[in-house]
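Here are my notes for anyone opening this one up for the first time. Have a look at the picture, then read through the points in order.

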Amino acid sequence: MAVTHEAAEDAEREAREEREARALREREAEEDAEPSTPAALVVIGVMAALGLGLVALAAGVVIAGDHASRALAVLLTGATTLLMVWVTIGAAAVPWNIWYLPRHGVTVETVPTLIRGQVRYGYTATDGKVRRAPHDEQGTPYDIAYHLKHPARVVVCRGLDAYVWKRLFRSAVSAALTALLGWGTLGLALPAFA
């Protein structure tokens, strides 16, 4: 009976430690969260305006006397186009950070650091906080670059290697798909007004 009681206490202690660790990670994530920049607010505003314009276009198709099925198709392809615009913007941000941060950010060398009870490669940002470096490679230290105002935005300094070109290719493919979807949406909607 005592063994079961001790096992229950151990399980309760482990659960409590896990909750505390999760709460700590959430607090750190909130501290590292970047405030919305004017560019991000403009993108969100433009996306909202395009969404409203899409609804107005679909309503115009119905009002013009065409079938509601065409309006539904316009809404579906238009919503997919808006989603692809969002994905394209996100895909283009990665190569931008890889190019921008090593040139205009703060570049430091990672050092073995004790983070949450484990030795990992980390860096101390200008705000004095120790953060875990991305791509926790074992072996030799490596250079990283981070944004001065947002130290959680960090990239490994590698130069324009195959990784960047692959990301640029993905961004270009995403932009091409977005353009095709936008063209398809307009191709569906415009015959209703003829």
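1. Start with Val111, which sits in strand 2 (residues 111-115); strands here are DSSP runs of E of at least two residues and helices are runs of H or I of at least four, both numbered from the N terminus. This is a predicted model, where local features need pLDDT of at least 70 and side-chain atom pairs count only at pLDDT 80 or more, while totals for chains, interfaces and linings use all residues. Residues are numbered from 1 along each chain as its sequence is written, and side-chain values use heavy atoms, with hydrogens and water left out.

2. Leaving aside residues up to four places away in sequence, Val111 touches Arg120, Tyr121 and Gly122, where contact means heavy atoms within 4.5 Å. Pro141 is 30 residues away along the chain, yet the C-alpha atoms of Val111 and Pro141 are separated by 6.0 Å.

3. Strand 2 pairs with strand 3 (residues 118-124) in the antiparallel sense over five bridges; pairing requires that DSSP finds at least two bridges between two strands. One of the bridge partners to look up is Gln118 in strand 3, which goes with Ile115. The hairpin has two residues between the strands, and Arg116 takes a positive phi near 50 degrees there.

4. Next, the open sheet: three strands in the order 1-5-6, with antiparallel pairing. Strand 1 (106-109) and strand 6 (154-156) are the edge strands, each pairing on one side only. Strand 5 (residues 143-146) joins strand 6 over three bridges in the antiparallel sense, and Ala145 has Val155 of strand 6 as its bridge partner.

5. Helix 3 (residues 68-104) lies across strand 1, strand 5 and strand 6, running at about 90 degrees to strand 6. Axes are lines fitted to C-alpha atoms, for helices over the stretch in contact, and angles run from 0 to 180 degrees between N-to-C directions.

6. Finally, how do the helices pack? Helix 2 (residues 38-63) and helix 3 meet at an angle of about 165 degrees, their axes 8 Å apart. Helix 2 and helix 3 are therefore roughly antiparallel (angles over 145 degrees count as such). Among the residues meeting here are Leu50, Leu54 and Ala58 in helix 2 and Val74, Leu82 and Trp86 in helix 3.

Technical notes:
Angles under 35 degrees count as roughly parallel, over 145 as roughly antiparallel, 65 to 115 as roughly perpendicular and the rest as oblique.
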